[in-house]
Amino acid sequence: MLAAGVAVYAIAGPYGYLDYSEIKAERIRLEARIAELEQENRRLQLQIDRLRNDSAYLERIARERLGMVKPNERVVVVPRK
């Protein structure tokens, strides 16, 4: 009877196998999220570097996203079908 109680405690008690399994699964999820965030951080850092150092890239972004044009340029809007 004592052995059964010890077994139940080891599995379901505090710091038992079930807690360990949950903690292990959470660790795996967090490590995957960290990897995703590190990859996103690298991508954003590359974009920052390009914005700071690549004037052609900066101009393209300004034209595409902000609709900026140079003086004396004309914008022709072609309607989509």
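Guide: Let us begin with a term. Helices are DSSP runs of H or I with at least four residues, numbered from the N terminus. The model before us is a predicted one.

Visitor: Which residue meets E26 in a salt bridge?

Guide: The side chain of E26 meets that of R29, with an N to O distance of 2.6 Å. Both residues belong to helix 2, which covers residues 17-53, and they are 3 residues apart, about one turn of the helix. E26 is partly exposed, its relative accessible area being 34%.

Visitor: How many salt bridges does a search of the whole structure find?

Guide: The search finds 9. One of them joins R63 and E59 at 2.9 Å, N to O. This pair lies in helix 3 (residues 55-66), 4 residues apart, again about one turn of the helix. R63 is partly exposed at 31% relative accessibility, and E59 is partly exposed at 33%. Through salt bridges that share partners, E59, R63, K70 and E73 are joined into one network.

Visitor: What span should helix 3 have, and what is the distance between its end C-alpha atoms?

Guide: The expected span is 1.5 Å times one less than the number of residues. Helix 3 has 12 residues and should therefore span 16 Å; its end C-alpha atoms are 15 Å apart, which agrees.

Visitor: Which residues of helix 3 are buried, and which are exposed?

Guide: Y57, I61 and A62 are buried in helix 3. They cover an arc of only 135° around the axis, and so they are on the same side of helix 3. S55, A56 and E64 are exposed on the other side of the helix.

Visitor: What is found at the start of helix 3, and what follows the helix?

Guide: At the start, a side-chain oxygen of D54 reaches to within 3.2 Å of the backbone nitrogen of A56. After the helix comes G67, which has a positive phi, near 70°.

Visitor: Which residue other than glycine has a positive phi, and near what value?

Guide: N72 has a phi near 70°, a positive value in a residue other than glycine. N72 is located in the segment after helix 3 and is exposed, with a relative accessible area of 83%.

Visitor: Which residues make a nonpolar surface patch?

Guide: A patch of this kind takes residues with over 30% relative accessible area and no salt bridge. Here V69, V75 and V77 make a nonpolar surface patch of about 300 Å². V69 is in the segment after helix 3, and its relative accessible area of 44% makes V69 partly exposed.

Definitions and conventions
Residues numbered from 1 in each chain as written. Predicted model: local features only at pLDDT ≥ 70, side-chain atom pairs only at ≥ 80, totals over all residues. Heavy atoms only, no water. Salt bridge = Lys/Arg side-chain N within 4 Å of Asp/Glu carboxyl O. Helix = DSSP H or I, 4+ residues; strand = E, 2+ residues; numbered from the N terminus. Buried < 20%, exposed > 50% of the residue type's maximum accessible area, 1.4 Å probe, protein only. Arc of directions from axis to C-beta. Polar contact = N/O pair within 3.5 Å; in protein donor to acceptor, adjacent residues only side chain to side chain. Patch = residues over 30% accessible without salt bridge, like charges linked within 9 Å, V, L, I, M, F, W, Y side chains within 5 Å. Areas by Shrake-Rupley, 256 points an atom, 1.4 Å probe, with all protein chains shown as cover.
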